[in-house]
Amino acid sequence: MQAAMDCDTIWDNARLVTLASDADSLRVIAHGRIAAKAGRIVYAGPRDKAPALDASRHIDCADRLVTPGLIDCHTHLVYAGSRAVEWENRLAGASYEEIARAGGGILSTMNATRTASEAELVAQSRPRLEALVAEGVTTVEIKSGYGLELATERRMLTAARSLGKACNVSVRTTFLGAHALPPEYADRADDYIDLVAEEMLPQLADEGLVDAVDAFCEGIGFTPAQTERVFVAARRLGLPVKLHAEQLSNLHGAALAARHNALSADHLEHLDADGIAAMARSGTVATLLPGAFYFTREQKPPPVAALREAGVPIAIATDCNPGTSPLTSLLLAMNMGATLFRLTVAECLAATTRNAARALGLSDAGVLAPGKWADIAIWNLSEPAELVYRMGSNPLHARYRRGL
Ligand code: NIG
Ligand code: FE
């Protein structure tokens with residue numbers, strides 16, 4: 001008789017969507033089983049094809065839909081303060097760019113964040129992370145970028161890491177020093193980029209706080225040449241890059257990011273055909289942020305049909321931030337991806353699992369397959385479409401990160 005496969009936990013009676021390949025995006029395995037040992041999957045598939053298994057912990061999914069834990073691959077959820085009043089002014093007609101140019105916007109959050117202690121940052125940010133976690137999110141990317149000087153950028157990154165531990169969620173930290181020009185560097189953007197690339201980034205990377213490097217390439221952000229200097233510094237340190245690109249205008253940031261083998265280019269409403277071709281060549285993920293599109297009343301959707309045609313992998317994220325997307329529901333972002341951007345249900349699911357993992361450079365998350373983390377979401381649903389269809393309700397039954 002075959003010896004029982006070594007595992008410690010079995011999830012049984014799952015309506016399993018593994019996302020193990022693109023073709024699996026909507027395939028429901030009706031009588032599915034997952035087995036894991038020490039937080040890693042050893043089997044995921046039909047129960048009747050499973051090897052003999054022996055485990056001390058059995059979890060009955062009772063014919064519920066089971067997917068990989070969701071991944072929010074673009075957030076700015078660590079910050080202090082609120083921009084609700086700025087938003088009221090925008091309702092009265094002021095534009096996001098006008099407010100930024102008048103010293104509000106990102107700089108107003110910078111002021112609040114610079115004066116917050118790490119404990120205050122954690123306390124203010126925790127409800128935002130908890131809201132994501134309550135909807136089945138098991139991995140979150142969190143950016144710095146509201147400090148714009150070393151000590152506060154560091155505090156944002158350490159706050160993000162400690163939130164991950166406190167909330168049982170895998171956190172990937174991205175250094176976004178090139179988010180906006182701080183007032184002490186007014187009219188000296190190149191000097192600020194020197195500081196970001198030559199001092200802040202090497203120091204924070206040396207402290208082990210940086211998983212990836214991002215920048216805001218835009219008229220109200222940084223030029224492509226300045227962005228490229230940040231990318232060169234990142235790659236010298238062996239760190240992957242990503243970019244806020246083509247959000248408000250087309251500065252050809254996506255093509256620049258692709259030339260630096262970026263993990264992702266994000267936003268992309270104003271992306272053109274050359275940018276799409278460059279992303280396809282480099283395998284750069286297109287991370288779409290429908291919450292920001294909605295909240296800024298952007299009129300031009302990203303070129304989804306052309307991205308699809310070119311075979312560019314598409315991710316969706318909340319972009320959770322106080323200015324353009326105060327959104328803490330990845331499920332609502334998926335719904336908006338379908339309704340506002342015309343993504344299919346299969347694309348929306350892949351966009352917050354396997355493709356979101358890729359946008360973070362993670363090879364062991366986002367799919368349910370042997371060797372991957374047992375990051376699992378169990379839903380009070382039976383069909384994948386229901387996950388994308390609903391608005392404002394939370395169908396999560398249970399979630400596990402690394403089996404726990
Ligand atoms: O992703 N575009 C730049 N960064 C954020 C907004 C940050 C803010 O307004 O606080 C974004 O839209
Ligand atoms: Fe963003």
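A search of the whole structure, which is a predicted model, turns up zero disulfides, a disulfide being a pair of cysteine sulfur atoms within 2.5 Å. Cys61 takes part in no disulfide, and its nearest cysteine sulfur, that of Cys7, is 14 Å away. For Cys217, the closest cysteine sulfur belongs to Cys73 and is 19 Å off, which is too far for a bond. Cys61 is buried, with a relative accessible area of 0%, and Cys217 also counts as buried, at 1% relative accessibility; here buried means under 20% relative accessible area, exposed over 50%, and partly exposed in between (1.4 Å probe, protein chains only).

Attention now turns to the aromatic rings. A pair of aromatic rings is described by the distance of the centres and the angle of the planes. Rings of Phe, Tyr and Trp (its six-membered ring) pair if their centres lie within 6.5 Å, and planes under 30 degrees apart count as stacked, over 60 as edge-to-face and the rest as tilted. By this rule the structure holds six aromatic pairs. In one of them, Tyr79 and Tyr146 have ring centres 6.1 Å apart and planes at 70°, so the pair is edge-to-face. This pair joins distant parts of the chain, 67 residues apart: Tyr79 belongs to the loop between strand E7 (70-72) and helix H1 (84-91), and Tyr146 to the loop between strand E8 (137-143) and helix H5 (150-166). Helices (H or I, at least four residues) and strands (E, at least two) are DSSP runs, numbered from the N terminus. Tyr79 and Tyr146 are both buried. Elsewhere, ring pairs connect Tyr185, Tyr192 and Phe222 into a cluster.

The charged end of Arg40 sits over the Trp373 ring, 3.7 Å from its centre, and Arg402 lies over the face of Trp373 at 3.8 Å from the ring centre. A charge sits over a ring if NZ of Lys or CZ of Arg is within 6 Å of the ring centre and within 35 degrees of the ring normal.

An oxygen atom of ligand 1 is 2.6 Å from an N or O atom in the side chain of Thr324.

Residues are numbered from 1 along each chain as its sequence is written, while chains are lettered from A and ligands numbered from 1 in the order in which they are written. Local features need pLDDT of at least 70, side-chain atom pairs count only at pLDDT 80 or more, and totals for chains, interfaces and linings use all residues, with side-chain values based on heavy atoms and hydrogens and water left out.

Conventions. Polar contact = N/O pair within 3.5 Å; in protein donor to acceptor, adjacent residues only side chain to side chain.
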